[in-house]
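Please read it with the sequence and the model side by side.

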There are 2 protein chains.
Amino acid sequence: MRCEIIAVGSELLTPSRLDTNSLYLTDRLNELGIAVRVKAVVGDDQADLAAVFSAALDRADLIVLTGGLGPTSDDLTRETVSQVLGRPLAESAQIVAALERRFAARGLRMPAINRKQALVPGGARVLDNPNGTAPGLWIDHEHRVVVLLPGPPRELKPIVETFVLPTLSTLTGGARLYRKMLKIAGRPESMVEEVTEPVYSKWADESPPIVTTILAAPGQVELHLVMVAVDGSAAEARLTAAASALETVLEGDVFSTDGRTLEEVVGDLLRESRLSVAVAESCTGGLVVSKLTDVPGSSNYVERGIVAYSNRAKVEMLDVPEHLIATYGAVSESVAAAMAEGVRTRAKTGVGMGITGIAGPGGGSPEKPVGTVAIAVSVGEETSTRTFRFPGSRDMVKSQAAQAALDLVRRRLLAIR
Amino acid sequence: MRCEIIAVGSELLTPSRLDTNSLYLTDRLNELGIAVRVKAVVGDDQADLAAVFSAALDRADLIVLTGGLGPTSDDLTRETVSQVLGRPLAESAQIVAALERRFAARGLRMPAINRKQALVPGGARVLDNPNGTAPGLWIDHEHRVVVLLPGPPRELKPIVETFVLPTLSTLTGGARLYRKMLKIAGRPESMVEEVTEPVYSKWADESPPIVTTILAAPGQVELHLVMVAVDGSAAEARLTAAASALETVLEGDVFSTDGRTLEEVVGDLLRESRLSVAVAESCTGGLVVSKLTDVPGSSNYVERGIVAYSNRAKVEMLDVPEHLIATYGAVSESVAAAMAEGVRTRAKTGVGMGITGIAGPGGGSPEKPVGTVAIAVSVGEETSTRTFRFPGSRDMVKSQAAQAALDLVRRRLLAIR
């Protein structure tokens, strides 16, 4: 079953408002195995709405329209749907009675304009709205289903839960959507694609198919696997096997298959290994320790963080030998290693991290351009170091450096496990 | 000029993702008097995208497509637009060269799949993308304009600002939108409304009207003033006078009328006062120093940051007397003051900041519930302290505490100026 959602209302076309009903609708429809293929937002304009609705009717089995069911003259959804489907409006005695009861219960008479809300396209079923004056409408039309819902979420949701979903589930026959997400660090998007595409492309032709999508964020790539199936345990088993196959070709670069963030994964590894961590940062300016402490309970393993922006701070607080800075420069693997070891020794932690680099926009040089970052991780007897060259603006360099540093700790902790 | 926006990407049809690029695009297009009439979201499906794009082409003068320009096989925007417009794709030597330079700069070879990003529909102009591999494309087609933009906001926005808007403004002419924004700290939204509404409400009836909107973010309230006018200098003069009137009733709580963030304002005040700063944080976990160092050039005044999560770290690194922690607790104004003075003394800076609190979800008690945060600022001879009780989740408490700490520094620096 393929679905399109149309949100109606000029306020949804302003720079400060989004159609959030469609997120809720997508979530609930996906659970029934109904995929949303297109979403549209249209203003209070009859010609635009008629065009968008007609196009959806040509493509979809289920069209859900939200909003534009109010009593005022700019509410046009009922009228437009009636006209496009060729089903003339007629007044519903059931709705008039419900409206009159609603106003009477508040000691008010029904304003004349509300009578418009009792108009119903021929053949429509009225879906009672306990929280407002605009009822929902369900229209079976030439092997398609058209559903009209009021825009306010507290009116829309009860109608969906009590009427729309139960009726749709009788039409779909138990199929549901299942998903799995792999999060990857240390490998750029195109290099993830290069090794995974030969693996996942064949799943698209199996029955039922697994659909794979790649998404990139600073310092992180995500692979989303989605399938629609009736048999839930078989679906979960196939997705788990698919995730394993991708993990194999991505070697150690997959850090999460259960939704956890990188800082949560590192936190769990630290907890398992019974190690605490101390962080010495320069160019990331506190972002690494701020991410680590975003995790509830991180006070159990984050001992301290030092942001040593100046060379004096690096020497005084982290015991970085001045001759290292003089010889190799503040941005060097030698200094990163000294920072990681210095903070670890002072803090008496199991893990020490050192990050030094040039976030930009100033401070670059031909040998060390903006984006150059040296990272060191000290665990056990060994301090490992790496130098990166990250592209992008100051905040991009900070984000990528923080992710890379957390990822290096993850790899070291896995290696000693 | 009527515009439609089409966002491409299956991830935008999941229950957890929204197309937010269209808000930014609407905002900037509205400023040129261009109305957005329809917005659509389409998955990575060539047939769906072709249908939605063709329909938009029938109705609109300007069609902006975002996303689907990546190197992977599910990126189909270029191919689909080429096919619908009947403009075959050809490889652009300019783009191939730029891609190769981009990868070479990071010491990487260009993966073969990236070559796809150099394909361009016939007659398209290439819009350089300094922050990514996918260039934008501008196509003049039968009295219509079709613009293709990469999906990531940090890639899309620079292309819009430097190329798309200037070119569109030559096509539109006439009235423009003018705005002014006041940023406010230390006063909740409802109390901002209480004192400003009597001032700004009358501007809505003037000609042309000034429209005022209030927006709240953690630790910050914004007042947006907007007017549409042909005469730019008259508009700017009215908005400046309006901003002054609001600043008067908001007393010292307006920290910015020129778009600067709180950390930029604090940075500028530190620079003017020729003072450096050192930060000692507990519950904010590095967020304060990370915000301060988000500002380019902050290495000139940020000397160091200490994240002292454990009591031992507070004693060892900040010289907080153990008896203070024993007597008043780690979350207390006495300890915050000792942290601010300790970090300032060790770092030999003009300003010291101390932040200690309970970010949650655990660690609260009846006298000191989750959200309790003590903040101290040490400048000159005086250390001032304040205790806050912030509502919300762990990250909300961290954000509000960081804003409050920066705002206290701002007020102290203004007072000694």
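The second largest cavity holds about 130 Å³ of space. A cavity is defined on a 1 Å grid over the protein atoms alone as a set of points where a 1.4 Å probe fits but cannot get out; grid points are joined across faces, edges and corners, and a volume is the space filled by probe spheres set on the points. This is a predicted model, in which local features need pLDDT of at least 70, side-chain atom pairs count only at pLDDT 80 or more, and totals for chains, interfaces and linings use all residues. Residues are numbered from 1 along each chain as its sequence is written, chains are lettered from A and ligands numbered from 1 in the order in which they are written, and side-chain values use heavy atoms, with hydrogens and water left out.

**Second largest cavity**

- Its lining has 14 residues, and nearest the centre lie A:Asp19, A:Lys39, A:Val41, B:Asp19 and B:Val41; a lining residue has an atom within 4 Å of a point.
- Strand 2 of chain A and strand 2 of chain B each supply at least two residues of this lining; helices (H or I, at least four residues) and strands (E, at least two) are DSSP runs, numbered from the N terminus.
- Seven of the lining residues of the second largest cavity are nonpolar, two polar and five charged. Ala, Val, Leu, Ile, Met, Phe, Trp, Tyr, Cys and Pro count as nonpolar, Asp, Glu, Lys and Arg as charged, and the others, Gly among them, as polar.

**Largest cavity**

- The structure holds four cavities of 30 Å³ or more, and the volume of the largest cavity is about 150 Å³.
- There are 20 residues lining the largest cavity, and A:Ala40, A:Val52, A:Arg59, B:Val52 and B:Arg59 are the closest to its centre.
- In chain A, strand 1 (2–8), strand 2 and helix 2 (46–59) each supply at least two residues of this lining, as do strand 1 (2–8), strand 2 (35–42) and helix 2 (46–59) of chain B.
- Helix 2 of chain B gives the most to the lining of the largest cavity, five residues.
- The lining of the largest cavity has 15 nonpolar and five charged residues, and no polar ones.

**Helix 2 of chain A against helix 2 of chain B**

- The axes of these two helices come within 11 Å and cross at roughly 155 degrees. Axes are lines fitted to C-alpha atoms, for helices over the stretch in contact, and angles run from 0 to 180 degrees between N-to-C directions.
- Helix 2 of chain A and helix 2 of chain B are therefore roughly antiparallel to each other, a term for angles over 145 degrees.
- A:Asp48, A:Ala51, A:Val52 and A:Arg59 meet B:Asp48, B:Ala51, B:Val52 and B:Arg59; contact means heavy atoms within 4.5 Å.

- In chain A, helix 1 and helix 5 (residues 153–172) pack at about 20 degrees, with their axes 11 Å apart.
- That angle makes helix 1 of chain A roughly parallel to helix 5 of chain A, the word used for angles under 35 degrees.
- Residues of helix 1 of chain A in this contact include A:Tyr24 and A:Leu25, and those of helix 5 of chain A include A:Val160 and A:Leu165.
- By class, the contact of these chain A helices has eight nonpolar, one polar and three charged residues.
- In chain B, helix 1 (residues 21–31) and helix 5 (residues 153–172) also pack at about 20 degrees, with axes 11 Å apart.
- Helix 1 of chain B and helix 5 of chain B are therefore roughly parallel to each other.

**Backbone details**

- A cis peptide bond with omega of about -5 degrees joins A:Ser207 and A:Pro208, and A:Pro208 lies in the loop between helix 6 and strand 10 of chain A.
- In chain B, the peptide bond from B:Ser207 to B:Pro208 is cis, with omega near -10 degrees.
- A:Asp319 is not a glycine, yet has a positive phi of about 55 degrees; A:Asp319 is in the loop between helix 10 (311–318) and helix 11 (322–328) of chain A.

Conventions:
Parallel < 35°, antiparallel > 145°, perpendicular 65-115°, else oblique. 1 Å grid on protein atoms, 1.4 Å probe; cavity = no way out; pocket = protein on both sides within 12 Å on 5 of 7 lines; lining within 4 Å.
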